[in-house]
Amino acid sequence: MADLATRPDVRAVYGPPGRYDRRRWWLPLAVLVVAAGVVARFVAPAPLWLDEAQSVAISRLPLPDLFAALREDGSPPLYYLLLHAWIALFGTGSFALRSLSGVFAVAALPLFALLTRRLGGGRTAMTVVVVLAATNPWLVRFASEVRMYSLMVLLVLVGALAVDLVLRRPGPLPALGVAASAAAVLYTHYWAMFLLATVGAGLVVAWVRTRRTGVLWALGGLIGGGLLFLPWLPTFLWQMKHTGTPWAARPQLSQIPSLVNSWATAGSSKAAILPLLVWPLTVVGAVLPLLRPTPRRTVLSPPVLGAIGAGTIAVAYSMSWLSHAALVTRYTAVVVPFAVVLLAFGVVALPNRYAALALIVIVAASLLVDRGITRTYRTQAAQIAAVLDTQAKPGDQVIFCPDQLAPDTVRLTHTRAHLITYPAQADPGRLDWTDYKQRIEAVSPHDVANAAAGAVPRGGHVFVVYGSGYAPFGSRCEQMFTTLSADLGNPKPVLLGRTRLWEHGWVWRWTR
């Protein structure tokens, strides 16, 4: 982090800026590949999984209720406010809802190119980074989800460009840009704190070493962004105490390689070659300037980008370990764009023939994964809703155990049966994460089962929508099965869980 305010002349490191320009044939091909990546951002199976349904349920609320629901959800408000406005304009169809993230993802593509240029890349590097970003499976995956991660990628790129500008042209207006972007990422996802802490530490070191005015203005901008976050601070502190990630175990160091690999594969096993090629090239893109001394100027550099990314992951891991919080790939949206930019620099550092071959392999493997992403269902909510619509009648009892299977199903079902969640939620279509583990432990699954069995009329049914592997629940859902079977006899399975899906569920039916 010591060289945060400096950058080598990257042309001398990575080659001249337009060294593929004589081969014009590859530009139309690049356009086609980028177009395919853009289309993939707007194509995904329609049913929304839990987190997406939760986003919609919160964002549909009137603004005062929206802020109250966010307090229970554990998230900052910016994405939900934008989705609230988007819903008012375009409605709540799955395609319309996911399109907001797709728009953010497409808007980020020219910013990838601009950041690459600011780091010293020429036309070749700019084209390569757009191709890589357009086809990157991680970026495609979260561009087709009703969550804030594509917005986070966009804002991180804006923030990096703002810091670069203030280092180049110190002054109050560029510093205001840093403050605005810092506040925006803080209001989008709390992992922004880890990124800003890393950048702030690097700026302090750079100020001590260089005493350059631009570094001081950048620090002032970061502080200003923190001040803009102060109105939300009481809510954040309450959320830290009462919400969090109750389903998470303390992270292990062994998780980090798979976490980093997912930036290239989005968790798919279809392109195992990608990490073997991507990460050596990413490291080359980050460290090559350090191996070839060149004149330096007061701006960001690829090595610094790599240091910021690595530092952010180190801080995030440390804080997650201390607080028993989740360490999952979607939260790493704060650093994924840096990895993509560094990969582009690593590709253009290769001799022409090998650079072209590496790019072809990466893009081809990425498109293979992207095709899977656009075709893979993320939840069985639509199937569960169809079963309930056809079989659950008025007077029947439907228990969701765990309650995390309810929001996406409730959004789709039209059943008039009585819907129950375990633990109980005021609205089955929206989760309240407040003191979640304690609420689960406070309610006996036997009491819930007995109440449901006693409430159903003779000839009626009790349905249990069940999912396995939800950490806070232990064997409570299975205990509910035992009680219902003792009261009503053996159940009939009416839907089997597809365990290969991210969010799967079984539906069991008891008849009184």
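Author: Gladly, and here is the first term: buried means under 20% relative accessible area, exposed over 50%, and partly exposed in between (1.4 Å probe, protein chains only). Helices (H or I, at least four residues) and strands (E, at least two) are DSSP runs, numbered from the N terminus. This is a predicted model, in which local features need pLDDT of at least 70 and side-chain atom pairs count only at pLDDT 80 or more, while totals for chains, interfaces and linings use all residues. Residues are numbered from 1 along each chain as its sequence is written, and side-chain values use heavy atoms, with hydrogens and water left out.

Reader: What makes strand E3 largely enclosed by the rest of the structure?

Author: Five of the five residues of E3 (residues 397–401) are buried, so the strand is largely enclosed. Gln397, Ile399 and Cys401 point one way, Val398 and Phe400 the other, and all are buried. In a regular strand the side chains alternate between the two faces of the sheet.

Reader: Which strands does E3 pair with?

Author: Two strands pair if DSSP finds at least two bridges between them. Four bridges join E3 to the parallel strand E4 (residues 418–421), and five join E3 to strand E5 (residues 461–466), also in the parallel sense. Both pairings meet the definition. Phe400 stands opposite Thr421 in E4, and its bridge partner in E5 is Val465.

Reader: Why is the link of Cys401 and Cys477 called a disulfide?

Author: A disulfide is a pair of cysteine sulfur atoms within 2.5 Å; here the S to S distance is 2.0 Å, so the pair qualifies. A search of the whole structure finds one disulfide. Cys401 lies in E3 and Cys477 in helix H23 (residues 476–488), so the pair ties together parts that are 76 residues apart in sequence. The link is left-handed, with -90° about the S-S bond, and both Cys401 and Cys477 are buried.

Reader: Why does Leu139 count as buried?

Author: Leu139, in helix H8 (residues 137–143), has 6% relative accessibility, so it counts as buried. Contact means heavy atoms within 4.5 Å. Leaving aside neighbours within four places in sequence, the contacts of Leu139 include Arg41, Phe112 and Val336.

Reader: How do you know that the buried residues of helix H13 line one face?

Author: In H13 (residues 233–242), the buried residues are Thr235, Phe236, Gln239 and His242. Seen down the axis, they fall within an arc of 145° (taken from the directions from the helix axis to the C-beta atoms), so they line one face of the helix. On the other side, Pro234, Leu237, Met240 and Lys241 are exposed.
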